[in-house]
Amino acid sequence: ALGVELGLVALSVMAAKTALALTAIGEESAQIEAKFRAFSGGAVKAAENFRIMDAVIGNALDNDEKMIAVSRIMGLELAQNAQQAADMAQAAIWLGDSMQTPTQRIDRFTQILVTGRTVGLADYGLAIAPIRDRMAELQKAITGLTDQQALSIAVMEAAAVKMAALKAEGY
């Protein structure tokens, strides 16, 4: 009888811990959503941004990860709108290291674009020299284009070509 009672106590403790953990997860998710709404400029724009990200990314990320990714990419000024942010996230997921989670691939991709360390682009199957050449062309053609802006544009152009080839192969 004592063993059964101890088992029930242990089960009750586990249930309470699980309930607390689920409550914490729910609170964290609510905070992420609130920040996403504020970043997006309100509930209507947040819903539109989320719809775009969801359409492009699908099930590769959960809802919280989608909101974090679009907010981070746009917050770092790597994209001007949710469509560009979703396209960037998709490129990172498709072209990144399959041993990493999709979130890790996005984080690494955005880190490369922010720091300008183009050597990391090789991990995404992107050739560095043509990207640097394209950056120079863009900066020559567009007055005031920063290195980061030129890098983002050149990388996304190269990523689009690479992803098109993958799609053609049935990826």
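Start with the largest nonpolar core of this predicted model, which has 39 residues. Select Ile-73, Ile-106, Phe-109, Leu-126, Ile-131 and Val-155, the residues with the most contacts inside this core. Then colour the elements that give two or more residues to the core: helix 2 (43-57), helix 3 (63-75), helix 4, helix 5 (102-115), helix 6 (128-141) and helix 7. Helix 4 provides the largest share, nine residues.

Next, select Ile-131 and show what surrounds it. Neighbours within four places in sequence aside, Ile-131 is in contact with Leu-121, Leu-126, Leu-151, Ala-154, Val-155 and Ala-158.

Move to Ser-152, in helix 7. Ser-152 is buried, because its relative accessible area is 6%, and buried means under 20%. Not counting residues up to four places away in sequence, Ser-152 touches Leu-78 and Leu-113.

Now display helix 4 (residues 82-95) together with helix 7 (residues 147-168). Their axes come within 10 Å and cross at roughly 55°. That angle makes helix 4 oblique to helix 7. The crossing of helix 4 past helix 7 is left-handed.

To see the contact itself, select Asp-87, Met-88, Gln-90, Ala-91, Trp-94 and Leu-95 on helix 4.

Terms used:
Residues are numbered from 1 along each chain as its sequence is written. This is a predicted model: local features need pLDDT of at least 70, side-chain atom pairs count only at pLDDT 80 or more; totals for chains, interfaces and linings use all residues. Side-chain values use heavy atoms; hydrogens and water are left out. Axes are lines fitted to C-alpha atoms, for helices over the stretch in contact, and angles run from 0 to 180 degrees between N-to-C directions. Helices (H or I, at least four residues) and strands (E, at least two) are DSSP runs, numbered from the N terminus. Angles under 35 degrees count as roughly parallel, over 145 as roughly antiparallel, 65 to 115 as roughly perpendicular and the rest as oblique. A crossing is left-handed if the near helix is turned anticlockwise from the far one by less than a right angle, and right-handed if clockwise. Contact means heavy atoms within 4.5 Å. A nonpolar core is a set of buried Ala, Val, Leu, Ile, Met, Phe, Trp, Tyr and Cys residues joined through side-chain atoms within 4.5 Å. Buried means under 20% relative accessible area, exposed over 50%, partly exposed in between (1.4 Å probe, protein chains only).
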